[in-house]
Amino acid sequence: MQFYTTQHTSYCGIDLHARSMDVGVLNQDGDSVMHRNMQARPDTFLRTVAPYRDDLGVAVECVFPWYGLADLCAPAGMPFVLGHALSMQAIHGGKATNDTIDAHKIAVLLRGGLLPQAYVYPAARRATRALWRRRLSLSRTRAELLAHIQNPKSQDNVPEIGTQLADTAHRAGVAARFPAPAVQKSLAVDRALIGSDDPLRSDVALPSVTAATQHDAQTLSVLQTVPGIGTLLRLVRLDAMHAIQRFPRGQDVVSSGRLVQWAKASAGTRSGTSGSKSGTASLPWAFSAAAVLFLRDQPAGQTYRARREKTHGTGTALTVLAQTLGRAVYAMSRRDTGFARDNCLHGSESGAGAPAASLGPDGTSRVTGLCNDASTASPTAHAPIGALS
């Protein structure tokens, strides 16, 4: 977790709500010079902090109305710091809490360099990211409905269905396995809901693809070389990670994707893990889906998973593969190189996932591809739309 450590003359902490906000300002010595509850309106805020705007840092907790405040501070020349909601909850908890106390604590954390930062996503790309997140909620609802269709099979101990219910053609005749009319009706409702949601998922995906290919075609072209990452998954990764330079190392990517948890230790003794909900929700789905698709046509990937199952178990082995793909995506994006399967699956623990990239005599990168030689993506490459998978 990174902390904001830049020093300013004044520090502004805001407890933000949809229609109101509590604003507190501290000077460089830590004294409160202004505190006011006001309407969450741009003109009111700018007028209130006008005496301190020469060197004012503004901090707010990561709650849903922060977009407008971030877009207001940028043209006004005020540094905007977005506090990480989960980490701040652990830091500034207390016996009593209200808007006034919270605003003051946010300003104190900002001044002391202890405010855990969240990423301020660029305004131009928030709409596309929100559309992907909407599709993710539809996908989760669809998965719950498919699981509910399978549940009566276990409850009534009937034979295995033995088909992929994700395909429409395989759902016919499933309800007939159960004699009870109520069960048949329940399954019919599930099938109807799935059928109505499928077109909506496509309607969400198509405009997202069109919008996302307008920027960073270089990274899109690089991600296309990874088996299991299709058009949708690489676009989700691109929008979720945005600027790869903001991640100092590959471990930060898998941490942001909720693929690893933070260790809790004291006096050299480990007492468990934490942070399972800290990170971008769409990334664990994307990396996990890529890991499953990677195993379909890659015998080397299946061997890798079998080897990890002996140590970690069946479920964790798939997560380990997703972590490995995450580190590979990070290394590829930093180096603009194609995917190297052997280095990804058989690299050392410290460098697993990094593509086989070395410099040639002319200073360019040599890249080992998946099956054939892969080349660096062209700077002017435009990622093809392709089929939505």
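**Ground rules.** The model is predicted, so I kept in mind that local features need pLDDT of at least 70 and side-chain atom pairs count only at pLDDT 80 or more, while totals for chains, interfaces and linings use all residues. Numbering starts from 1 along each chain as its sequence is written, and side-chain values use heavy atoms, with hydrogens and water left out.

**Salt bridges.** I looked up how many there are, and the structure holds 4. The term means a side-chain nitrogen of Lys or Arg within 4 Å of a carboxyl oxygen of Asp or Glu.

I began with D43, which pairs with R41; their closest N and O atoms are 3.5 Å apart. For exposure I used relative accessible area: buried is under 20%, exposed is over 50%, and partly exposed is in between (1.4 Å probe, protein chains only). D43 comes out partly exposed at 38%, and R41 is partly exposed at 43%.

Next I checked R126, which forms a salt bridge with D71, with 3.0 Å between the closest N and O atoms. This pair links distant parts of the chain: R126 sits in helix 5 (residues 126-156) and D71 in helix 2 (residues 66-76), 55 residues apart. Helices (H or I, at least four residues) and strands (E, at least two) are DSSP runs here, numbered from the N terminus.

D252 counts as partly exposed, at 23%.

**Helix 12.** I wanted to know what span to expect for residues 314-335. The rule is 1.5 Å times one less than the number of residues. With 22 residues, helix 12 should span 32 Å, and its end C-alpha atoms are 32 Å apart, so the two agree. Just after helix 12, I found D336 with a positive phi of about 55°.

**Strands 8 and 9.** Two strands pair if DSSP finds at least two bridges between them. A263 stands opposite T273 of strand 9. The two strands form a hairpin with 2 residues between them, and A267 in the turn has a positive phi of about 55°.

Why does strand 9 (residues 269-274) lie largely in the open? Of its 6 residues, the number buried is 0, so that is how I logged strand 9.
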